[in-house]
There are 2 protein chains.
Amino acid sequence: MKLSDLGEFGLIDRIAKLSGAADPRVICGIGDDCAVIESGTPGKVLLVTTDLLVEGIHFRRHTTTPRLLGRKALAANLSDVAAMGGSPHVFTVSLAVRPNMSVAWVESLYDGIEERADEAEVSLVGGDTAATSDTTVISVTLLGECPKAEVIYRHGARPGDSIYVTGAPGESAAGLAIVTAEAMGNLQATALGDEEREDFDRLRLRHLDPEPRLQAGRMLASRHWATAMIDVSDGLAADLGRILERSGAGARVEAARLPISVPLRAACERLALDPLDLALGGGEDYELLFTAPPDLGEEALSRSLGIPVSWIGVITEGLGDLRVVDPSGRERPLEARGFEHFHR
Amino acid sequence: MKLSDLGEFGLIDRIAKLSGAADPRVICGIGDDCAVIESGTPGKVLLVTTDLLVEGIHFRRHTTTPRLLGRKALAANLSDVAAMGGSPHVFTVSLAVRPNMSVAWVESLYDGIEERADEAEVSLVGGDTAATSDTTVISVTLLGECPKAEVIYRHGARPGDSIYVTGAPGESAAGLAIVTAEAMGNLQATALGDEEREDFDRLRLRHLDPEPRLQAGRMLASRHWATAMIDVSDGLAADLGRILERSGAGARVEAARLPISVPLRAACERLALDPLDLALGGGEDYELLFTAPPDLGEEALSRSLGIPVSWIGVITEGLGDLRVVDPSGRERPLEARGFEHFHR
């Protein structure tokens, strides 16, 4: 059997079985945004997350800059710590790259990493470099910390909880669509009006330079507001599916309440895409998707977190059953698959 | 300028400048076998190390098995923790691999990782997987811990210290030479006598399945015996050069005291190689190279550590000056370069 038959999630399931369930120091191994490890300090845990960026899969060199790529490589990991409610701390970067790559490219990559590190107040402490014959691969591992009693796992959602999301998921996918259309010569910036151009610039940056929601995640944890949380990296539906799977619950999402931003709508019109598809299926937004008791309103949350928060539905009893209510009021099951490696 | 002009060590120097020197929690960033981080627990530090294994550079699929490759990927990181005197704890594994790779290959890889993890009592807690179009890349990050007062850095060597090494460095390089000669059809196992075949099997395993010296490293640290330590990954001369650079000292190595094992000598005879070259220049032995006050003898150390330890020379005043005394008594400077990526 080939990996392409098993699929990425099949592989991860098999690897997860090896994960250190028998080790009392491991509070949570594979299966959440970060591993959660006893730090040795009573009441504090260590968070560990790692992400691999592969050229041609996660990025293309002609549709981003090395600086933005460096920022994003770290941001994806920072977002994992945010999704546990933790504070990021130190990280390592390993890089496999062709020997004929320019030093300027690699230095810009590290400049971008360092910029993002300064913003998040985290420190580069190690790494490895190696030559490769072909594809550039970047591997980042980030450590964080969190008070043990404040960690927010994927498994805490309870029937009746409200489902919230920060920002406007789908914008990153729209940004990717714009970048791709431009690279293929299917979209000329000169053909756009001023307002549309500004909208598209914003979407492009949402894809190329996403903002990890560290302060929001930390506040949701320290106030004990969220019962379960994940970051939107594979798409809202897929990531909500993971909360449901781990929580043994279902969900009903109100399509009409999904935050479809003006830029997202404009890009979808121009590129003949469905904003609802992008909002539910688009990945790499690095927004926070969380559940909370129903008495917390979206306005109060937005005010407290300092970023837009939208109520998008409720957790139900239906074991893994993810449903969406169309704007017309019709309810249908929602396929909870995100981007999957190995499958074609 | 291309990376191939700058070289790996030039790149690492540039990256090291970005390393978190201003962060008071970072005791040691880039520049030792592990990063050393304040753990939050008084008197204890966190160790962080990461290694990248790239197909075609660090391994070839036709000269190893996925199980041995998995064991070695983790062993290389365990060895870094051993070289600080620490205890390994938890690790992550990321894998970029072609979708048409067999599931059996990937499962064997993880079986090997898990076997080695069980032996070292460490736990897999996370990772990432991605499809790649070409080269397989494995990225392992390992965390360990150590009492703060016991950490052994590269910078502690003082003039007059003795230089010791465990095991028989060069055996891994001999093993690689055997594996390569066999793969190229230049060496047939059937042409070997029984004894030679056993010797060659041992060398092959020293290359394909190296043993991290965790217990020895821990004892050297807890007894405060070693003043500086590194693991032999890039070659004895290159790695000793790193101790000298960080310690601001020189060294005189007695070639006649280098432990050239019977198998190493046999392989060098068969393959027309110089055992001294392999002992000084061969990489990936994952033996411990350390300095210690002169009153500790090699016999007492061997007994205490439970593995062979050889006295090979002394630390001198000569700032970075690495000299070797030939068996004939002639002293010459030694080029301290190991394997370097990007250079051709």
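**Figure 1. Arginine over a tryptophan ring in chain B and in chain A of the predicted model.** B:Arg61 is placed over the face of B:Trp105, 5.8 Å from the ring centre. In chain A, A:Arg61 lies over the face of A:Trp105, likewise at 5.8 Å from the ring centre. A charge sits over a ring if NZ of Lys or CZ of Arg is within 6 Å of the ring centre and within 35 degrees of the ring normal.

**Figure 2. The pair B:Tyr164 and B:Phe290.** Two aromatic pairs are found over all chains. In the pair of B:Tyr164 and B:Phe290, the ring centres are 5.4 Å apart and the planes stand at 25°, so the pair is stacked (Phe, Tyr and six-membered Trp rings with centres within 6.5 Å; planes under 30 degrees apart are stacked, over 60 edge-to-face, the rest tilted). B:Tyr164 belongs to strand S7 (residues 162-166) of chain B and B:Phe290 to strand S10 (residues 288-292) of chain B, 126 residues apart; strands (E, at least two residues) and helices (H or I, at least four) are DSSP runs numbered from the N terminus. Both B:Tyr164 and B:Phe290 are buried (under 20% relative accessible area, 1.4 Å probe, protein chains only).

**Figure 3. The largest nonpolar core.** Of its 59 residues, A:Phe91, A:Ile138, A:Leu220 and A:Phe290 touch the most other members. Such a core joins buried Ala, Val, Leu, Ile, Met, Phe, Trp, Tyr and Cys residues through side-chain atoms within 4.5 Å. Helix H4 (residues 103-120) of chain A gives the most to this core, with eight residues.

Residues are numbered from 1 along each chain as its sequence is written, and chains are lettered from A. Local features need pLDDT of at least 70 and side-chain atom pairs pLDDT 80 or more, whereas totals for chains, interfaces and linings use all residues; side-chain values use heavy atoms, without hydrogens and water.

Key:
Buried means under 20% relative accessible area, exposed over 50%, partly exposed in between (1.4 Å probe, protein chains only).
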